[in-house]
Amino acid sequence: MFLLGLVLGAFAHARLVASTPANGAVLTAAPERVTLRFDHEVEPALGRMVLEREPPAALPPIADGADARTLVGALPPLGPGAYRVTWRVVSRDGHPVSGELRFVVE
C-alpha cells in the first residue's frame with residue numbers, strides 16, 4: 001500500500017498551497033510581486049500570470065531559483081483598487097492547473 005501511495009504521488013497534479021498576497025487580502029501598501037507556491041514541481045516556462053484590471057497586464061512567471069514549486073511575477077506599480085491575478089501552470093506530470101487570486105489595495 002505504501003508503494004502505491006508513492007507511485008500515485010509521483011503522478012499528482014500540482015496544487016496551489018499558498019500565495020503572496022493571500023487570496024482575499026486587503027493591503028495597506030501595494031505589493032511589488034505575486035508569489036505562488038505549489039505542492040509539486042511545475043514547469044515555469046509554460047506558466048502564465050495575468051493581472052486583470054484595465055488594462056490587463058501579463059506577468060511573466062519567474063522560477064524562484066532552485067525551487068521548482070514556487071513562481072514569482074513582478075507587478076507594475078499599483079494604485080488603490082481591487083485586483084485579480086489569473087494563473088495557469090503545467091505540472092511536471094504534464095497536466096495544466098489554473099486558478100485566480102484576488103486582493104485589494106486600500
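The legends below describe close-up views of a predicted model. Residues are numbered from 1 along each chain as its sequence is written, and side-chain values use heavy atoms, with hydrogens and water left out. Local features need pLDDT of at least 70, side-chain atom pairs count only at pLDDT 80 or more, and totals for chains, interfaces and linings use all residues.

**View 1. The largest nonpolar core.** This core has 21 residues, where a nonpolar core is a set of buried Ala, Val, Leu, Ile, Met, Phe, Trp, Tyr and Cys residues joined through side-chain atoms within 4.5 Å, and buried means under 20% relative accessible area, with exposed over 50% and partly exposed in between (1.4 Å probe, protein chains only). The residues with the most contacts inside the core are Phe38, Met49, Val85 and Phe103. At least two residues of the core come from each of strands S2 (25-27), S3 (33-38), S4 (48-52), S8 (81-90) and S9 (96-105); strands (E, at least two residues) are DSSP runs numbered from the N terminus. In soluble globular proteins, nonpolar side chains tend to be buried together.

**View 2. The surroundings of Phe38.** When neighbours within four places in sequence are left aside, Phe38 is in contact (heavy atoms within 4.5 Å) with Ala14, Arg15, Leu16, Val17, Arg69, Leu71, Trp87 and Val89.

View 3. The structure holds seven salt bridges, each defined as a side-chain nitrogen of Lys or Arg within 4 Å of a carboxyl oxygen of Asp or Glu. In one of them, the side chains of Glu43 and Arg92 meet with an N to O distance of 3.1 Å. Because Glu43 lies in the loop between S3 and S4 and Arg92 in the loop between S8 and S9, this pair ties together parts that are 49 residues apart in sequence. Glu43 counts as partly exposed at 29% relative accessibility, and Arg92 counts as partly exposed at 43%.

**View 4. Salt bridges around Arg84.** Arg84 forms a salt bridge with Glu52, and their closest N and O atoms are 2.2 Å apart; the pair links strand S8, which holds Arg84, with strand S4, which holds Glu52, across 32 residues. Arg84 also forms a salt bridge with Glu100, with the closest N and O atoms 2.9 Å apart, and here strand S9, which holds Glu100, is linked with strand S8 across 16 residues. Through salt bridges that share partners, Glu52, Arg84, Glu100 and Arg102 are joined into one network. Arg84 is partly exposed at 24% relative accessibility, as are Glu52 at 28% and Glu100 at 35%.

Conventions. Helix = DSSP H or I, 4+ residues; strand = E, 2+ residues; numbered from the N terminus.
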